[in-house]
Amino acid sequence: MKNIEVNQTNAVADPWYQALFEANPQPMYIYDAATLGYLAVNEAATAHYGFTRDEFLSMTTRDIRPAEDVPALLEEVAQLRATPQTGFLKSGVRKHRKKDGSIIYVETAKELLMLDGRQAICVLVNDVSARELASRQIERLAFYDDLTDLPNRAKLRSDLEEAIARAQGTGTSLALLVLELVRFREINYTMGHVTGDQLLKRIGPRLRQAAGDNATVARISNVQFGVFVSDLSAREAMHLTNRLLNTLKDPVPVGEISYELGAHAGIAFFPGHGNCADVLLRHADIALFQARKVGRDYAIYDAVHDPYDPQRLAMLNEFHKAIKEGQLQLYCQPKASFQTGPITAAEALVRWWHPVHGLILPDRFIPLIEPTELIQPLTQWMLKAAIHQCYQWRQQGRKISLAVNLSVRNLLDPDLPDTIDGLLKIWGADPHWMGFEVTESSIMADPLASLRVLDELHQMGFKLFVDDFGTGYSSLSYLMKLPVDVIKIDHSFTMNMIEDRHAAAIVKSTIEIAHNLGMEVVAEGTASKEIWEALALLGCDQAQGDYVSVPMPAKEFSTWLDHSSWACSTAG
Ligand code: C2E
Ligand code: MG
Ligand code: MG
């Protein structure tokens with residue numbers, strides 16, 4: 001130890017202090033506050049750090065700090081010099097480097113002294129490496145996934161919470177993606193867990209690399225990964241999702257074999273889809289479920305598909321009231337024949353006049369109520385209104401048949417034919433006045449049960465339409481087995497058939513095959529004269545769409561017919 005000459009007011013002058021310094025079992029050292037060069041070290045310090053006393057005295061205190069910690073050290077020293085105080089000042093946990101290069105974690109107590117008329121800093125070191133490493137290990141176990149080394153669900157959740165708070169502060173947005181591996185369970189099952197684990201180990205770094213430095217990537221369950229990025233537009237989020245999904249499609253080699261995985265993804269945005277981590281995670285999960293269900297690569301959260309969405313539940317409640325309180329109205333949209341003749345058919349479409357929100361179109365509420373029992377009273381209401389309307393038209397001498405839409409739950413109701421029969425009797429109505437439209441997907445939900453009801457309705461004399469044809473999974477050859485009379489080409493094909501060759505080809509071949517199978521074809525979405533003319537050339541039977549007329553209140557239909565050129569000719 002160099003001879004320490006100190007300011008008389010300083011305790012360092014005290015021989016007791018010097019003895020305490022030298023004999024202290026805890027490492028202690030003193031360095032120049034301006035140059036940071038060591039002025040004194042005790043024996044415990046040389047023993048602990050591995051440097052000899054001479055080595056220490058030729059070094060500065062920067063030399064035992066990792067480079068990234070030096071700015072913080074300089075800041076601390078500057079503060080201590082600027083605001084000298086009596087007694088030791090404790091620090092938080094810091095990293096120090098020993099002579100052998102190993103890192104230790106220490107807490108220090110620092111005091112500013114006067115030595116030879118210059119400022120010096122005396123440091124007492126407490127090595128807390130054991131405690132620190134144990135707590136880091138515990139944190140690792142609690143917050144990281146062992147296999148992939150990625151943060152786990154708990155860590156993602158807390159990081160997401162912090163990122164949301166920051167985004168709230170800066171008024172920015174945030175995108176959360178949940179990716180779920182497909183085929184992983186099969187591989188795990190058939191090739192064993194060791195292979196499964198190897199696969200996951202490879203996937204972690206791949207995802208992290210594809211996600212980029214701004215993203216947080218976590219493994220949030222066995223086969224799910226969560227990724228969030230701040231300040232990302234919807235378009236950028238979709239690009240990122242595609243990039244990640246493509247990464248997961250690349251074969252993953254394990255041993256001799258390359259495995260092809262793949263994934264679905266769900267996306268939710270802050271603030272649009274929720275303002276806390278749990279809600280965003282749940283919404284991204286619902287979007288993922290939706291993507292999986294419809295066989296898409298990814299889906300963005302949409303409350304329509306969320307069974308727990310409070311707005312959805314509120315709407316269901318309100319719809320219940322709407323039926324009872326007469327807020328529903330029957331609208332009709334005519335179907336015009338390409339052969340000469342007056343309009344003889346229309347589709348029955350529901351409209352909801354909400355006392356506060358005004359007109360609500362069926363696309364907003366039918367998907368919400370279809371999975372619930374509420375679809376039954378709606379169908380009942382529509383059937384009554386449609387049969388009554390047909391009766392009134394007959395009273396006026398008009399032979400218009402009206403087609404009512406049926407949902408999957410209606411098709412699974414074995415009492416439906418009897419119910420309809422009862423309603424017909426009230427008005428002395430005939431099944432030829434009516435038709436029923438059912439979508440492919442509602443038939444496919446339970447083909448056998450649907451077939452039973454459809455067969456019965458067909459035998460009673462009702463015309464049956466397959467609605468939204470082309471959007472489901474079934475084939476025309478399957479439809480051949482169903483008692484179907486008419487195919488309705490979905491408006492997404494009809495409306496695009498002029499500019500999209502693919503859509504035009506689907507319209508053309510649907511018409512050809514349906515005719516070969518003895519079925520008629522209605523093209524919904526006939527929105528313009530051009531489409532009408534193209535359909536006429538293809539031999540389509542009927543057209544429904546804005547070009548003929550938008551849907552109108554059923555009670556205005558007669559007046560419209562009286563004044564419309566469509567009433568008696570189909571010149572278009
Ligand atoms: P949908 O059965 O396929 O009915 C045809 C839909 O396409 C109608 O929409 C109609 O207005 C629209 N559309 C037809 N041609 C055109 C066109 O040229 N341009 C445009 N932009 N749209 C056209 P709407 O009335 O909004 O009904 C939507 C869907 O709601 C219906 O599709 C049907 O699936 C469902 N829906 C409506 N009423 C009922 C009902 O009473 N019961 C059930 N179960 N579903 C219903
Ligand atoms: Mg329909
Ligand atoms: Mg349709």
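Helices (H or I, at least four residues) and strands (E, at least two) are DSSP runs, numbered from the N terminus. This is a predicted model: local features need pLDDT of at least 70, side-chain atom pairs count only at pLDDT 80 or more, and totals for chains, interfaces and linings use all residues. Residues are numbered from 1 along each chain as its sequence is written, chains are lettered from A and ligands numbered from 1 in the order in which they are written, and side-chain values use heavy atoms, without hydrogens and water.

**View 1. Overall fold of the protein.** The protein has 22 helices and 22 strands. Its radius of gyration, at 38 Å, is well over the 25 Å that the globule rule gives for 572 residues, so the protein is more spread out than a compact globule. That radius is taken over C-alpha atoms; the rule is 2.2 Å times the number of residues to the power 0.38. The C-alpha trace spans about 120 × 60 × 45 Å along its principal axes.

View 2. Of the 572 residues, 48% are buried (under 20% relative accessible area, 1.4 Å probe, protein chains only). Take contacts (heavy atoms within 4.5 Å) between residues at least 6 apart in sequence: 63% join residues at least 24 apart.

**View 3. Close-up of glutamine 389.** Glutamine 389 sits in helix 13, which covers residues 375-395. Its relative accessibility is 8%, so glutamine 389 counts as buried. Which residues does glutamine 389 contact, leaving aside its neighbours within four places in sequence? They are Leu330, Leu402, Ala554 and Lys555.

Notes:
Buried < 20%, exposed > 50% of the residue type's maximum accessible area, 1.4 Å probe, protein only.
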